[in-house]
Protein chains: 2
Amino acid sequence: MDNKKLDILRGDINSLDDKILDLLKQRAEIVTEIGEQKKSNTDVVDIEREQKVLNRLLQNSKAKYSKDTIVRIWREIFQASTKLQQNNSSLITTKRSINSITVYKGGKSSVTGKDNIIKLSSNENSYGPSPKVLDHINKSETLLNSHRYPSIDGIKLREKIAITHNLNVNRIILGCGSDETLLFAALAFCQDGDEIIHAKHGFEMYSIITKIVGATSKLIEESTNYTIDVNSILKQVTPSTKIIYIANPNNPTGTYLSRTEIVNLLNNLPKHIVVVLDGAYAEYVLKDDYDSGFSLTEEFENIIMTRTFSKVYGLAALRIGWCYSSEKVANILNKVKGPFNTQTISQEIAMLALEDKEYLKEVVDNNHKVKKWFEDELKKIDIKCGSSEGNFSFIQTSEKKAKEISAHLTNEGIIVRQLDSYGLPNCLRVTIGTQDEMIATIESLKKIA
Amino acid sequence: MDNKKLDILRGDINSLDDKILDLLKQRAEIVTEIGEQKKSNTDVVDIEREQKVLNRLLQNSKAKYSKDTIVRIWREIFQASTKLQQNNSSLITTKRSINSITVYKGGKSSVTGKDNIIKLSSNENSYGPSPKVLDHINKSETLLNSHRYPSIDGIKLREKIAITHNLNVNRIILGCGSDETLLFAALAFCQDGDEIIHAKHGFEMYSIITKIVGATSKLIEESTNYTIDVNSILKQVTPSTKIIYIANPNNPTGTYLSRTEIVNLLNNLPKHIVVVLDGAYAEYVLKDDYDSGFSLTEEFENIIMTRTFSKVYGLAALRIGWCYSSEKVANILNKVKGPFNTQTISQEIAMLALEDKEYLKEVVDNNHKVKKWFEDELKKIDIKCGSSEGNFSFIQTSEKKAKEISAHLTNEGIIVRQLDSYGLPNCLRVTIGTQDEMIATIESLKKIA
């Protein structure tokens with residue numbers, strides 16, 4: 001292209017830009033007029049109205065620019081419009097989505113005035129980590145090197161994981177808990193104004209992460225018994241969808257998707273949408289149609305599978321999780337991962353935990369045996385449970401009854417999780433602890449049955 | 001406002017939106033035409049041209065929408081234009097800024113074939129942590145509770161920090177290293193298309209974080225001897241500036257800003273811009289005009305001060321840092337902080353380290369004594385150093401000589417940091433180790449002097 005031609009085209013762009021600028025000015029004036037008429041500041045954000053505007057635009061748009069670009073531009077305009085309509089007394093502001101974050105609270109871990117409590121509120125492994133791990137640590141010299149930075153990418157632990165699961169070490173990314181790997185996905189593949197799909201009743205971090213990256217949550221509707229199916233996920237897909245978080249099995253409902261269902265989902269999804277399969281409880285599932293392996297990452301470039309040392313391995317204190325994906329996706333995730341995000345001693349302990357496969361099997365077997373016993377006993381005292389594949393039972397009752405059970409158990413030093421923060425105040429999640437802990441829980445429940 | 005009036009205004013907005021959409025369509029067509037004429041794909045992104053377009057728009061804009069909004073919208077248009085001009089063979093994409101991240105590498109920590117190395121490449125504390133810390137850990141029962149989640153917000157450690165420094169516990173936020181608190185600031189206050197100011201030659205994470213959040217780096221120009229001043233910072237401020245990262249003292253140059261200079265900066269800055277003062281090496285500075293306290297956070301709502309346990313406390317392996325700010329800013333940062341981002345045993349050890357103030361003083365005194373001796377010796381063999389306030393010396397030489405020194409020392413089992421990745425291939429950063437380590441380094445350097 002000769003420079004003269006280029007100059008002409010650039011001149012045309014400038015003149016288009018000026019026109020757009022002028023239209024934005026006019027738009028802001030109308031928005032201000034509307035804002036001045038509105039009585040209160042609290043209802044300034046009208047998500048429904050914004051969605052209508054977007055739908056209309058997406059129908060009318062014939063632009064070569066992709067539809068997600070159009071949505072991002074207008075969501076920026078919406079945000080600017082909100083600011084015009086608010087009397088911001090404060091100078092320091094944050095993007096709209098972050099304002100609405102409710103800080104994650106986690107399960108309670110103490111009861112005032114009680115020394116001996118049974119903690120069944122955070123899906124921890126009550127049996128603790130492998131005794132071989134603890135034995136080693138007392139002899140470890142790692143602490144003597146506390147002044148040295150950890151391995152920047154935890155290569156030795158990643159090698160150990162690769163050998164254990166027969167994986168490619170370069171496609172394993174460690175996180176400060178698997179939570180952090182969930183964030184990496186959003187940071188890498190989402191922008192302000194994009195959309196993330198996740199369960200209506202799922203791990204709270206999905207909606208928090210969505211807001212952190214300035215995206216919008218699209219919620220998967222459940223059918224009866226809190227199960228989700230592939231169609232209910234596909235229904236939420238739009239040109240702005242960038243990520244789908246699926247906990248498999250789901251927390252707190254305990255439901256799962258079979259391998260066939262996941263393949264079906266991936267086959268019906270645009271290939272640029274990244275599906276994050278959160279496997280925090282994967283090791284506990286014993287169903288034949290559940291895929292506990294990683295072969296889906298060979299078939300699909302757009303899948304990320306996560307695992308954690310916080311649950312079945314009994315190492316929640318150490319903050320180690322990881323994810324596995326295609327090499328392409330792993331390389332991108334690695335760019336948004338901070339250096340030194342996992343701790344030296346945690347890396348070392350996690351390596352030891354991977355070795356004790358017998359202990360892992362024992363924990364899983366116990367979980368199933370004790371869960372079955374616990375849920376049978378609940379049935380006898382007329383407390384209804386969903387079918388849960390995790391290390392927890394999902395109790396469905398009334399809001400009043402859920403509150404009553406939770407208060408009564410707390411009073412007896414047994415902490416369970418009433419699921420208000422999951423939008424399920426009528427439900428309770430009870431971690432399956434040791435046989436003794438569950439017997440104590442049933443005995444206590446019988447008092448109010 | 002009656003509904004009829006509202007409907008009319010909304011109709012006006014719809015018609016403006018249609019016009020904008022149409023102009024965007026026309027713009028995309030011209031962009032495509034330009035793209036088709038361009039010969040290669042590699043030079044599709046023309047940052048200079050984009051900046052010219054932005055400057056013109058900012059001059060012409062009379063919109064009520066804020067100028068940063070205008071910049072964000074056009075940066076989105078630029079990104080969409082880039083995509084139109086690229087032949088994207090791949091379906092999975094990430095935002096433009098993330099593509100350009102070069103993964104942080106950190107200092108080397110081993111030399112092939114050498115068992116006993118002296119590591120002076122990562123500004124670690126060669127003396128290790130307080131012996132009282134190590135003594136305690138062997139008796140600790142914390143590891144027995146590895147299956148329990150850590151304190152969600154590290155309240156006990158935060159209380160200890162608050163008492164130690166006479167601070168408000170609610171305004172302290174812990175990070176997985178102070179690195180993570182730097183990321184929190186960007187996540188909280190920056191959006192795709194905003195700008196972050198940081199030193200041209202500074203900690204690599206500033207530019208990586210800028211790219212992670214989709215912002216653009218504006219670099220502070222240095223005067224002679226790599227110092228920066230307040231005016232050179234103010235020169236980079238635009239309506240899109242959201243954050244300024246200042247390492248004080250700076251790594252790797254070792255320079256610092258006095259309290260007066262920082263107050264001067266803050267007084268001349270719009271109050272919505274958040275200044276992050278990275279104090280990773282703060283404890284080492286002994287200059288009278290340097291402010292090692294936190295009182296600036298009382299005077300200015302828009303300042304974040306960070307500290308780490310990785311340097312003077314000798315606990316780099318544990319991944320603990322923290323930041324302090326106004327309550328308003330702390331509350332926002334807390335929303336983007338993941339739960340459980342620091343490890344149980346790390347929280348406990350950091351608490352112990354805070355208690356041993358004598359040891360801290362000893363480490364700082366040793367650093368100064370040994371640094372002075374080391375730099376005097378360097379002078380004797382004609383190696384020039386900048387004036388560094390950290391636990392490292394900043395050697396300024398030629399690229400050839402820097403490479404030669406680094407290769408020679410490595411060969412002798414002494415690892416220092418040639419500063420290629422900081423854009424300073426003519427410089428070296430040498431951590432001040434123990435007296436013995438520095439004697440060995442000087443003896444080795446004499447061989448090639």
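Buried means under 20% relative accessible area and exposed means over 50%, with partly exposed in between. In this predicted model, Asp365(B) has 37% relative accessibility and therefore counts as partly exposed, whereas Lys361(B), with a relative accessible area of 53%, is exposed.

The side chains of these residues, Lys361(B) and Asp365(B), meet in a salt bridge with an N to O distance of 2.8 Å. Lys361(B) and Asp365(B) are four residues apart in helix α14 (residues 357-380) of chain B, so about one helical turn separates them.

## The contact between the chains

The contact takes 121 residues from chain A and 122 residues from chain B. The size of an interface is often given as the accessible area lost when the parts come together. Between chain B and chain A the buried area is about 11200 Å², with 65% of it given by carbon and sulfur atoms.

Between chain B and chain A there are 10 salt bridges, including one in which the side chains of Glu33(A) and Lys5(B) meet at 3.3 Å, N to O. The count of residue pairs in polar contact between chain B and chain A is 44. Helix α1 (residues 3-37) of chain B supplies 26 residues, the largest share of the side of chain B that touches chain A. By class, that side of chain B has 56 nonpolar, 34 polar and 32 charged residues.

Over all chains, the count comes to 50 salt bridges. One of them joins Glu195(A) to Arg75(A), with the closest N and O atoms 2.9 Å apart. Because Glu195(A) lies in strand β3 (residues 195-199) of chain A and Arg75(A) in helix α3 (residues 67-85) of chain A, the pair ties together parts that are 120 residues apart in sequence. Glu195(A) is buried, with a relative accessible area of 3%, and Arg75(A) counts as buried at 14% relative accessibility.

Lys242(A) forms a salt bridge with Asp194(A), and here the closest N and O atoms are 3.3 Å apart. This pair links distant parts of the chain, 48 residues apart, since Lys242(A) is in strand β5 (residues 241-247) of chain A and Asp194(A) is in the loop between α7 (178-189) and β3 of chain A. Lys242(A) is buried at a relative accessible area of 10%, as is Asp194(A) at 1%. A network of salt bridges links Asp194(A) and Lys242(A) with Asp68(A), Arg72(A) and Glu76(B).

## Aromatic pairs

Over all chains, the whole structure holds 22 aromatic pairs. In one of them, Tyr149(A) and Phe340(A) form a tilted pair, 4.6 Å centre to centre with 40 degrees between the planes. Tyr149(A) lies in the loop between α5 (131-137) and α6 (155-165) of chain A and Phe340(A) in the loop between α12 (327-336) and α13 (344-355) of chain A, so the pair ties together parts that are 191 residues apart in sequence. Tyr149(A) and Phe340(A) are both buried.

Phe203(A) and Tyr206(A) form an edge-to-face pair, 5.6 Å centre to centre with 90 degrees between the planes, and both Phe203(A) and Tyr206(A) are buried. Ring pairs link Phe203(A) and Tyr206(A) into a cluster with Tyr104(A), Tyr245(A), Tyr149(B) and Phe340(B).

## Covered parts of chain B

Helix α8 (residues 205-212) of chain B is mostly covered, with six of its eight residues buried, among them Met205(B), Tyr206(B) and Ile208(B). Gly214(B), whose phi is positive, near 75 degrees, follows α8(B).

Ser240(B), in the loop between α9 (230-234) and β5 (241-247) of chain B, counts as buried at 1% relative accessibility. Leaving aside its neighbours within four places in sequence, Ser240(B) is in contact with Asp68(B), Val71(B), Asp194(B) and Glu195(B).

Definitions and conventions:
Residues numbered from 1 in each chain as written. Chains lettered and ligands numbered in written order. Predicted model: local features only at pLDDT ≥ 70, side-chain atom pairs only at ≥ 80, totals over all residues. Heavy atoms only, no water. Buried < 20%, exposed > 50% of the residue type's maximum accessible area, 1.4 Å probe, protein only. Helix = DSSP H or I, 4+ residues; strand = E, 2+ residues; numbered from the N terminus. Contact = heavy atoms within 4.5 Å. Buried area = accessible area lost by both parts, 1.4 Å probe. Salt bridge = Lys/Arg side-chain N within 4 Å of Asp/Glu carboxyl O. Polar contact = N/O pair within 3.5 Å; in protein donor to acceptor, adjacent residues only side chain to side chain. Nonpolar A, V, L, I, M, F, W, Y, C, P; charged D, E, K, R; others polar. Phe/Tyr/Trp six-rings, centres within 6.5 Å; stacked < 30°, edge-to-face > 60°.
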